[in-house]
Amino acid sequence: MPSCRDQKCIASPAFRVLPGMDKWCENNCLRYPPNCPETACYCPQECVAIGELEGKEGADTYCMDACLNYGSDCPAKRCRCF
């Protein structure tokens with residue numbers, strides 16, 4: 001189950017191919033009471049910079065700010081969350 005501090009929940013890799021699954025996870029995992037099956041969704045706690053941003057000063061902070069907020073659009077080629 002997501003913790004009360006989670007702000008972002010997304011589809012697990014096995015369910016990511018289903019259209020709308022990221023939105024479903026976000027809507028259902030962050031509501032009260034949550035409906036967040038661990039096999040279908042997960043709520044990342046940390047993000048790091050990858051690709052062209054990796055190793056640059058402030059890049060990991062950028063990824064945390066850009067990716068771990070409700071309704072965010074995380075740049076997959078720049079950030080990896082777990």
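Buried denotes under 20% relative accessible area, exposed over 50%, and partly exposed the range in between (1.4 Å probe, protein chains only). The model shown is predicted: local features need pLDDT of at least 70 and side-chain atom pairs count only at pLDDT 80 or more, while totals for chains, interfaces and linings use all residues. Residues are numbered from 1 along each chain as its sequence is written, and side-chain values use heavy atoms, with hydrogens and water left out.

**View A. The disulfide of Cys-47 and Cys-81.** The sulfur atoms of Cys-47 and Cys-81 lie 1.9 Å apart and form a disulfide, a term for a pair of cysteine sulfur atoms within 2.5 Å. The link is right-handed, with 105 degrees about the S-S bond. It connects distant parts of the chain, 34 residues apart: Cys-47 belongs to strand β3 (residues 47-49) and Cys-81 to strand β4 (residues 79-81). Helices (H or I, at least four residues) and strands (E, at least two) are DSSP runs, numbered from the N terminus. Cys-47 and Cys-81 are both buried.

**View B. The disulfide of Cys-63 and Cys-79.** Cys-63 is joined to Cys-79 with an S to S distance of 2.1 Å. The torsion about this S-S bond is about -75 degrees, so the disulfide is left-handed.

**View C. The disulfide of Cys-25 and Cys-41.** The sulfur atoms of Cys-25 and Cys-41 are 2.0 Å apart in a disulfide. Cys-25 lies in helix α1 (residues 21-29) and Cys-41 in strand β2 (residues 41-42), so the bond ties together parts 16 residues apart in sequence. Cys-25 and Cys-41 are both buried.
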